[in-house]
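Subject: Structure handover

Hi,

Here is the structure I promised to pass on. Please open it and keep it beside this email as you read.

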Amino acid sequence: MLGFQPAVYQTLKEAFKFANEHEFDHIEFLMDNPLYSIEKLSPTEILEMKECYEVDVILHAPATSTNFLSISEIMRKASYDELMRVVRFAEKCDAKLITFHIGWNPGFITAKGFVFPKDLYREHNYKVLTKEMYSFLKKMDAEILALENTIPLDDKLRKAIEFLIENTDLSLTFDIGHYFCKEGHDIFLKYFERVKNIHLHDNDSKSDLHLALGEGKVDLNIIPKNYNGYMTIECRDIEAIIKSKRFIERWMK
């Protein structure tokens with residue numbers, strides 16, 4: 001099932017029309033984009049477009065306004081409240097999957113520049129995920145939620161994610177571009193049977209560039225041949241989306 005995230009300035013109708021014209025199976029709406037925020041989107045309009053254009057819909061929960069690793073208990077609670085809003089929205093527009101990010105820990109400025117003191121957060125991250133996120137997932141049908149590999153993962157984050165996978169019905173989104181330029185993402189390959197969505201884009205194996213497929217060093221051959229879930233082009237540029245579609249169609253033959 002090959003789909004895409006809309007280009008930055010594509011309206012809802014333009015996105016559905018583009019999907020239909022280029023024979024995509026689904027659209028993944030990134031809800032950080034103001035055009036696709038909960039405040040902007042209408043579930044009724046999405047249902048009408050789905051029926052009109054015969055294109056499926058999945059969602060990407062806001063990642064810039066949520067942070068499940070925040071030091072602030074208030075901000076973490078607000079992040080879960082926001083994710084629940086997306087879950088309820090998905091129910092209204094019959095979206096079958098919601099990708100979400102785990103969050104991030106802040107760096108700060110010192111006399112020696114910008115630093116990220118990871119050791120300060122290791123135990124905190126493990127605690128909030130194995131307690132708060134575990135509790136959140138156990139209270140709902142967690143299969144609709146797909147955690148994406150985003151930030152570099154140290155040993156404690158990997159252990160926390162493994163705990164969630166083994167003790168809940170949490171799904172996964174495997175971002176192949178992130179895998180090739182971030183550390184510690186092998187755990188997503190270990191549990192690939194839980195992957196429901198793959199984000200497709202390219203990079204130079206150093207920076208998260210979101211290039212068209214074929215323009216960098218990302219190797220699609222790490223994807224199991226028997227995978228049959230969503231595959232979503234995440235370039236957010238019309239020309240790059242079309243180029244990536246041609247590339248992956250050649251790869252799939």
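Is Glu132 buried, partly exposed or exposed? Glu132 is partly exposed, because its relative accessibility is 27%. Keep in mind that this is a predicted model.

**Salt bridges**

Glu132 has a partner. Its side chain meets that of Arg76 in a salt bridge, at 2.7 Å from N to O. Glu132 sits in helix H4 (residues 122–138) and Arg76 in helix H3 (residues 73–93), so the pair ties together parts that are 56 residues apart in sequence. Arg76 is buried, because its relative accessibility is 7%; the cut-off for buried is under 20%.

Here is the general idea. Side chains of opposite charge can pair when their charged atoms come close.

How many salt bridges does a search of the whole structure find? The count is 14. Here are two others to look up.

- Glu143 and Lys196: the closest N and O atoms are 3.0 Å apart. Glu143 is in the loop between H4 and strand S7 (145–148), and Lys196 is in strand S9 (residues 195–200), so this pair ties together parts that are 53 residues apart in sequence. Glu143 counts as partly exposed, because its relative accessibility is 42%. Lys196 also counts as partly exposed, at 25%.
- Glu162 and Lys190: the closest N and O atoms are 2.7 Å apart. Glu162 is in helix H5 (residues 155–167) and Lys190 in helix H7 (residues 186–190). They are 28 residues apart, and the pair links distant parts of the chain. Lys190 counts as exposed, because its relative accessibility is 54%.

The largest pocket has a volume of about 320 Å³. It is lined by 14 residues. Closest to its centre are Asn105, Phe116, Lys118, Ile151 and Pro152. By class, the lining has nine nonpolar, two polar and three charged residues.

The second largest pocket has a volume of about 160 Å³. Its lining includes Met1, Ile223, Pro224, Trp251 and Lys253. By class, seven of the lining residues are nonpolar, two are polar and two are charged.

**A nonpolar patch on the surface**

Phe116 turns up again here. Together with Ile109 and Phe114, Phe116 forms a nonpolar patch on the surface. The three have about 370 Å² of accessible area together. Phe114 is in strand S6 (residues 113–115). Why does Phe114 count as partly exposed? Its relative accessible area is 49%, and a residue counts as exposed over 50%.

Now look at the backbone. Most residues other than glycine have a negative phi. Two glutamates here are worth checking.

Glu23 has a positive phi of about 60°, although it is not a glycine. Where is Glu23? Glu23 is in the loop between helix H1 (12–21) and strand S2 (26–30). Glu23 counts as exposed, because its relative accessibility is 66%.

Glu54 has a positive phi of about 55°, and it is not a glycine either. Glu54 is in the loop between helix H2 (43–53) and strand S3 (56–60). Glu54 counts as exposed, because its relative accessibility is 71%.

Last, turn to the buried side. Cys93 is in helix H3. Cys93 counts as buried, because its relative accessibility is 0%. Cys93 and Pro34 are 59 residues apart in sequence, and their C-alpha atoms are 18 Å apart in space.

His199 is in strand S9. Is His199 buried or exposed? His199 is buried, because its relative accessibility is 0%. How far apart in space are His199 and Asp175? The distance is 4.5 Å, C-alpha to C-alpha, and the two are 24 residues apart in sequence.

Over to you.

Best wishes

Note on methods. Residues numbered from 1 in each chain as written. Predicted model: local features only at pLDDT ≥ 70, side-chain atom pairs only at ≥ 80, totals over all residues. Heavy atoms only, no water. Patch = residues over 30% accessible without salt bridge, like charges linked within 9 Å, V, L, I, M, F, W, Y side chains within 5 Å. Areas by Shrake-Rupley, 256 points an atom, 1.4 Å probe, with all protein chains shown as cover. Salt bridge = Lys/Arg side-chain N within 4 Å of Asp/Glu carboxyl O. Helix = DSSP H or I, 4+ residues; strand = E, 2+ residues; numbered from the N terminus. Buried < 20%, exposed > 50% of the residue type's maximum accessible area, 1.4 Å probe, protein only. 1 Å grid on protein atoms, 1.4 Å probe; cavity = no way out; pocket = protein on both sides within 12 Å on 5 of 7 lines; lining within 4 Å. Points joined across faces, edges and corners; volume = space filled by probe spheres on them. Nonpolar A, V, L, I, M, F, W, Y, C, P; charged D, E, K, R; others polar.
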